[in-house]
Amino acid sequence: MTTTATTRTAAERYRAGVMKYKEMGYFDLGYEPKDTDVIALFRITPQDGVDPEEAAAAVAGESSTATWTVVWTDRLTACEQYRAKCFRVDPVPGNPEQWFAYIAYDLDLFEPGSIANLTASIIGNVFGFKPLKALRLEDMRLPVAYVKTFDGPPTGVVVERERLDKFGRPLLGATVKPKLGLSGRNYGRVVYEALKGGLDFTKDDENINSQPFMHWRDRFLYCMEAVNRAQAMTGEVKGTYLNVTAGTMEQMYERAEFAKELGSVIVMIDLVIGYTAIQSMSKWARRNDMILHLHRAGHSTYTRQKSHGVSFRVIAKWMRLAGVDHIHAGTVVGKLEGDPLTVRGFYDICLENRNPMRLEHGIFFDQDWAGLRKVMPVASGGIHAGQMHQLLHHLGEDCVLQFGGGTIGHPMGIAAGATANRVALEAMILARNEGRDYLNEGPEILERAARHCTPLAQALEVWKDVTFDYASTDTPDFVPVATPV
Amino acid sequence: MRLTQGTFSFLPDLTDEQIRKQVAYCIAKGWAVNLEFTDDPHPRNTYWEMWGLPMFDLKDPAPVMYELEQCRKVYANGYIRLSAFDASPGWESLRLSFIVHRPAEEPGFALERQETAGRGIRYTTHAYATDRPVGERYS
């Protein structure tokens with residue numbers, strides 16, 4: 001590796017024509033990133049024969065000020081400051097085709113408080129750039145000065161727990177199934193049974209909006225009847241994530257206002273509504289004391305493959321800035337993609353005041369969240385009561401565990417399924433707090449709890465052999481090794 | 001009905017030995033332990049009456065168990081909850097909260113509906129326990 005900080009005259013630098021990005025000021029291994037710089041880490045796969053340093057410089061150029069040719073108008077600006085600078089290129093361990101490129105961006109390149117603006121630069125044009133076979137945004141370091149331009153989650157984990165009066169255990173939820181086709185009246189039945197049985201939340205699925213079989217107002221009215229009935233039956237605060245995702249911002253506001261009028265504690269949006277819509281809904285939720293649930297619908301199209309796209313850890317960071325209270329972040333043991341250490345990294349981004357660099361979890365930078373509230377991670381997709389010890393071990397107590405099929409598919413009915421999950425969870429928390437080795441003794445703890453809870457015994461029997469044991473595609477590149485003494 | 005607020009309401013009522021272990025867990029974490037009681041367990045009744053001040057800097061669960069015993073003697077017919085408070089930066093709230101005593105009979109709640117425009121309904125959850133005269137409730 002060599003630096004290219006060669007001295008040359010301005011006339012040479014700005015002579016019309018084409019010049020290597022490396023020579024245009026987008027590559028400087030001697031550059032010390034400032035505390036206020038935004039830093040992006042890209043995984044680059046150059047086309048055959050393309051120098052990785054030139055490719056990295058091109059990424060820095062195309063994601064900041066450069067175009068394909070020299071332009072004299074650069075000289076009307078403080079162009080040195082505005083050029084992103086690739087300051088480090090490392091080979092990816094075990095992958096000779098790929099490189100990690102660290103690129104620093106001056107803070108003034110970004111509009112305060114706008115994810116749309118940040119992403120338009122960082123993932124704007126550059127992902128289709130021809131000299132690269134593939135490009136992935138792995139991680140970002142967001143300086144405190146920038147973090148402070150965002151409001152962050154309207155509610156956050158602590159205030160959500162205070163509002164719900166639920167402490168010391170994961171929250172329990174279920175997505176209503178079948179996700180499409182139920183009428184409002186039947187849909188509310190599922191909500192009522194699940195909440196009465198012991199869940200804290202039920203949830204609309206990502207694609208339940210306002211379809212011919214159930215219009216949104218009908219769903220909201222029946223759901224809130226169910227929520228209030230279940231609250232009176234149990235004396236607990238209950239909620240159902242009313243999905244307000246719609247075709248226009250005006251429709252989303254209308255639905256959210258109606259949810260508020262009906263007394264819902266929470267509304268829901270899908271990631272596919274876009275960053276600006278998410279930030280708008282976050283502001284609305286803040287004005288209206290509403291918890292905001294985000295379903296990460298669509299993310300796997302760009303997060304799952306390691307060679308190209310955007311890592312979910314970056315999406316999680318953007319969403320903590322944009323300001324959502326809940327975000328689906330993986331289950332480890334369920335039916336959807338999720339390597340344990342990578343998922344741990346996502347949860348830490350949601351929950352910690354400050355993330356220390358942890359390469360083995362895919363966290364490449366120290367990240368200070370500067371008092372921004374915490375996002376509650378949600379584990380959803382193919383989980384059941386028999387996995388409770390593993391879920392608690394991998395995910396901790398600050399999350400929502402969502403058992404959709406694992407509640408509604410219970411042989412004795414939805415309320416029984418809910419009770420099984422709640423009993424399994426409380427038994428596991430009790431055992432953990434008592435200092436037991438709950439991960440190894442998990443099956444025994446569940447079996448003992450099932451002696452006073454027939455629904456749990458039935459759930460354990462029905463789903464005892466269900467596991468989703470497939471190799472993950474999105475895994476960390478670094479593994480911890482013992483240092484020889 | 002059985003009020004299911006708190007971390008362990010779906011388990012059989014905890015024994016004193018089980019409560020003691022949870023208190024020991026809280027103490028090991030450096031949390032303050034608090035006892036509160038009420039006869040109105042409405043889900044939005046946030047401020048139960050405090051049984052003395054929160055107990056900070058505990059070394060042992062014994063003082064908590066002693067206070068719980070005293071509280072039970074006075075409010076045998078109410079709810080008592082034990083909570084643990086964590087003053088760490090970024091949290092500064094409860095970490096655990098569970099019911100450690102219930103009345104022999106739990107009257108539960110009525111759900112009142114006020115029909116409004118369209119098909120809208122305003123809901124009110126009403127704790128039957130609060131129907132008793134104030135003089136009886138707070139004696």
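What follows looks at a helix, then at a chain interface, then at some charged pairs. Keep in mind that this is a predicted model.

Start with helix H2 of chain B, which runs over residues 62–74 and has 13 residues. From its first C-alpha to its last it reaches 19 Å, close to the 18 Å expected at 1.5 Å a residue. Which residues of H2(B) are buried? They are B:Val64, B:Met65, B:Leu68, B:Cys71 and B:Arg72.

**A stop in strand E3**

One of those covering strands, E3 of chain B, is where you'll find B:Arg81. This arginine is buried, with a relative accessible area of 8%, and buried means under 20%. Its side chain reaches the backbone oxygen of B:Thr46 at 2.9 Å. Leaving out residues up to four places away in sequence, B:Arg81 touches a list of residues that includes B:Asn34, B:Trp48, B:Phe98 and, over in chain A, A:Asp165.

**Where the two chains meet**

Now zoom out to the interface. How big is it? The size of an interface is often given as the accessible area lost when the parts come together. Here chain B and chain A bury about 3300 Å² between them, with 53% of it on carbon and sulfur atoms. In chain B, the residues that lose the most area to chain A are B:Phe10, B:Trp91 and B:Arg119, together 21% of what that side buries. Counting contacts, 38 residues of chain B are in touch with 40 residues of chain A.

Across this interface there are 18 residue pairs in polar contact. On the side of chain B that touches chain A, the elements giving two or more residues are H1, E4, E5 (109–115) and E6 (121–127) of chain B. The largest share, five residues, comes from E4(B).

**Charged pairs**

Side chains of opposite charge can pair when their charged atoms come close. The structure holds 55 salt bridges over all chains, and three of them cross the interface of chain B and chain A. Here are some to look up:

| Salt bridge | N to O distance |
|---|---|
| A:Glu225 and B:Arg113 | 2.4 Å |
| B:Arg119 and A:Asp218 | 2.8 Å |
| B:Asp86 and B:Arg95 | 2.7 Å |
| A:Asp74 and A:Arg83 | 3.6 Å |

Take the pair of B:Arg119 and A:Asp218. It crosses between chains, from B:Arg119 in the loop between E5 and E6 of chain B to A:Asp218 in helix H8 (residues 216–234) of chain A. Are these two buried or partly exposed? B:Arg119 is partly exposed, with a relative accessible area of 44%, and A:Asp218 is partly exposed too, at 27%.

The two pairs that stay inside a chain in the table have a buried setting: B:Asp86 and B:Arg95 are both buried, and so are A:Asp74 and A:Arg83.

Definitions and conventions
Residues are numbered from 1 along each chain as its sequence is written. Chains are lettered from A and ligands numbered from 1 in the order in which they are written. This is a predicted model: local features need pLDDT of at least 70, side-chain atom pairs count only at pLDDT 80 or more; totals for chains, interfaces and linings use all residues. Side-chain values use heavy atoms; hydrogens and water are left out. Helices (H or I, at least four residues) and strands (E, at least two) are DSSP runs, numbered from the N terminus. The expected span of a helix is 1.5 Å times one less than its number of residues. Buried means under 20% relative accessible area, exposed over 50%, partly exposed in between (1.4 Å probe, protein chains only). Contact means heavy atoms within 4.5 Å. Buried area is the accessible area (1.4 Å probe) that two parts lose on being put together, summed over both. A salt bridge is a side-chain nitrogen of Lys or Arg within 4 Å of a carboxyl oxygen of Asp or Glu. A polar contact is a pair of N or O atoms within 3.5 Å; within protein, one must be able to donate a hydrogen and the other to accept it, and residues adjacent in sequence count only if both atoms are side-chain atoms.
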